[in-house]
Amino acid sequence: MSVCLIPGSYDPITRGHVDVIQRAAVLFSDVVVAILRNPEKPGWLTWDQREALARAALSGIQGVSVIQFEGLAVDCARASGARVIARGIRSIQDFEYEAAMARANRELSGVDSIETIFLAADPSLAHWSSSAARQLAAFGGTLAAVIPSGSLELLTQYILDMRRTARGKS
Ligand code: PNS
């Protein structure tokens, strides 16, 4: 059994994430998609909303599970039985950041020696990100290019709920 961890904020999950997860699922028997919770960075969507969106976007991809985890990526990898962490790379800037993280994680993992592999983002998706999705949502842009079809309806519902709550407060 080969297990791969794909940690991230997934705020929200994008088509780029799904592409990387799908490709990792071809290489590993189990892919654990972990929404890493950082209580100091609550972000845009709640953790449970992110998990529901990830489940909706990834349903139908065999061998993929979705979890939430609060703590270090290496501790999440250990708890999931993963020796490999996979991350998607869209640009040289991503690589600089991810390479530093990979080195830190390898050192932190000690004798477990958890390695990170990088999957090059599909060029047709490399300009989309969760932050682009958040901007599109804030200004009423079309989300279909960046959000997976499986989670688009649910995300639209969350956005409408947020707007209603915001209007109720003003
Ligand atoms: O989707 P993101 O925001 O690029 O994901 C970043 C994430 C959550 C994978 C990264 O911030 C992370 O691994 N956070 C957990 C803390 C950790 O293990 N840091 C690495 C060693 S300092």
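A word on the model before we start: it is predicted, so local features need pLDDT of at least 70 and side-chain atom pairs count only at pLDDT 80 or more, while totals for chains, interfaces and linings use all residues. Residues are numbered from 1 along each chain as its sequence is written, and side-chain values use heavy atoms, with hydrogens and water left out.

Let's go to the ligand. Which residues are around the ligand? They are Pro7, Gly8, Ser9, Leu36, Gly71, Leu72, Ala73, Arg87, Met101, Asn105 and Leu108, where being around it means having a heavy atom within 4 Å. By type, this shell divides into 6 nonpolar, 4 polar and 1 charged; Gly counts as polar here, and Met and Pro as nonpolar.

Now the polar contacts, that is, pairs of N or O atoms within 3.5 Å. In the side chain of Ser9, an N or O atom is 2.5 Å from an oxygen atom of the ligand. Ala73 uses a polar backbone atom, 2.8 Å from a ligand oxygen. Arg87 has a polar side-chain atom that lies 2.8 Å from an oxygen atom of the ligand. On its own the ligand has 550 Å² of accessible area, and the protein covers 65% of that (Shrake-Rupley method, 1.4 Å probe).

Which elements give two or more residues to the shell? Those are β1 and α4, and α4 gives the most, with 3 residues. Helices here are DSSP runs of H or I with at least four residues, and strands are runs of E with at least two, numbered from the N terminus.

A cis peptide bond joins Asp11 to Pro12, with omega about 5°. Tyr10 is found in the loop between β1 and α1 too, and Tyr10 has a positive phi of about 50° although it is not a glycine. Is Tyr10 buried or exposed? Tyr10 counts as buried because its relative accessibility is 3%; buried means under 20%, exposed over 50%, and partly exposed in between, with a 1.4 Å probe and protein chains only.

My last stop is Ser113, in the loop between α4 (92–109) and β5 (115–120). Ser113 is not a glycine either, yet its phi is positive, at about 45°. With 24% relative accessibility, Ser113 counts as partly exposed.

Definitions and conventions:
Polar contact = N/O pair within 3.5 Å; in protein donor to acceptor, adjacent residues only side chain to side chain.
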